[in-house]
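Subject: Structure for your review

Dear colleague,

Please find below the structure that I am handing over to you. My notes on what was found in it follow directly after.

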Amino acid sequence: MRQIKFRIWDGHNVILPRDGAYYQHYVSLCGGIVQKSSEGMDCFGGGDRWSRVDKLEIMQFTGLKDNNGVDYYVGDIGEFPNCDRFIVAMEEWLEVYIDWIDEPECEDQAKYLPKINNAKIIGNIHQNPELIK
């Protein structure tokens with residue numbers, strides 16, 4: 001069974017949620033993102049504060065890794081040794097697939113999705129849009 005985890009794009013940075021951070025982001029059951037801030041720490045007489053964040057984009061972990069052992073998330077851009085590039089994508093029913101950026105030299109290299117572990121992540125669609133042009 002694959003681990004369920006996410007990272008978040010806030011329009012400027014990729015945020016990797018982690019325990020103990022000042023801000024923590026959670027995916028709510030209704031599909032939105034909520035943010036927990038610890039600014040009201042006990043020493044100031046308060047507790048945690050929750051707020052809804054609307055302008056963040058969720059990128060889900062696919063359960064796959066690249067040739068350097070780095071996790072693939074939806075929206076990552078990968079490149080095979082022959083320079084064929086692709087975007088990792090996910091269907092609404094949570095099926096992961098790759099979307100070729102240009103006509104691939106060798107389409108069979110990703111016929112079976114786990115073969116993308118032979119490629120390396122070179123960016124993502126948010127931080128590196130120039131890689132998909």
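Two salt bridges are present in this predicted model, a salt bridge being a side-chain nitrogen of Lys or Arg within 4 Å of a carboxyl oxygen of Asp or Glu. In general terms, side chains of opposite charge can pair when their charged atoms come close. One of the two joins Lys 65 to Asp 71, with 2.5 Å between the closest N and O atoms. Lys 65 is partly exposed at 40% relative accessibility, whereas Asp 71 is buried at 14%. For these words, buried means under 20% relative accessible area, exposed means over 50%, and partly exposed lies in between (1.4 Å probe, protein chains only). The other salt bridge links Arg 85 and Glu 79, whose closest N and O atoms are 2.8 Å apart. Arg 85 is partly exposed, with a relative accessible area of 29%, while Glu 79 is buried, with 14%.

Residues are numbered from 1 along each chain as its sequence is written, and side-chain values use heavy atoms, with hydrogens and water left out. Because the model is predicted, local features need pLDDT of at least 70 and side-chain atom pairs count only at pLDDT 80 or more, while totals for chains, interfaces and linings use all residues.

The chain as a whole

The protein chain has eleven strands and zero helices. Both are DSSP runs numbered from the N terminus, with helices (H or I) of at least four residues and strands (E) of at least two. Of the 133 residues in the protein chain, 38% count as buried. Its accessible surface comes to about 8700 Å², and carbon and sulfur atoms account for 50% of this; the areas come from the Shrake-Rupley method with a 1.4 Å probe, and for residues only the protein chains shown count as cover. Contact means heavy atoms within 4.5 Å. Among contacts in the protein chain between residues at least 6 apart in sequence, 45% join residues at least 24 apart.

The four-stranded sheet

Four strands form an open sheet in the order S10-S9-S8-S11, and their pairing is antiparallel. Its edge strands are S10 (96-100) and S11 (120-124), each of which pairs on one side only. From one strand to the next, the twist averages 35 degrees, where axes are lines fitted to C-alpha atoms (for helices over the stretch in contact) and angles run from 0 to 180 degrees between N-to-C directions. Strands S8 (residues 76-79) and S9 (residues 85-90) pair in the antiparallel sense over three bridges; two strands pair if DSSP finds at least two bridges between them. Within this pairing, Gly 78 stands opposite Phe 86 in S9.

Lys 120 is found in strand S11 and is partly exposed at 38% relative accessibility. The C-alpha atoms of Lys 120 and Glu 79 are separated by 5.4 Å, although these residues are 41 residues apart along the chain. Leaving aside residues up to four places away in sequence, Lys 120 touches Asp 66, Asn 67, Asn 68, Tyr 72, Ile 77, Gly 78 and Glu 79.

The aromatic residues

The structure holds five aromatic pairs. Rings of Phe, Tyr and Trp (its six-membered ring) pair if their centres lie within 6.5 Å; planes under 30 degrees apart count as stacked, over 60 as edge-to-face and the rest as tilted. One of the pairs is that of Phe 80 and Trp 100, which is tilted because the planes stand at 40 degrees, with ring centres 6.2 Å apart. This pair links distant parts of the chain, since Phe 80 is in the loop between S8 and S9 and Trp 100 is in strand S10, 20 residues apart. Phe 80 is buried at 3% relative accessibility, and Trp 100 is buried at 19%.

Trp 100 also forms an edge-to-face pair with Phe 86, at 6.2 Å centre to centre and 80 degrees between the planes. Phe 86 lies in strand S9 and Trp 100 in strand S10, so this pair ties together parts that are 14 residues apart in sequence. Tyr 72, Phe 80, Phe 86 and Trp 100 form one aromatic cluster.

A residue in the loop

Cys 83 is found in the loop between S8 and S9. Most residues other than glycine have a negative phi. Cys 83, however, has a positive phi of about 80 degrees although it is not a glycine. Cys 83 counts as exposed, at 53% relative accessibility.

With kind regards
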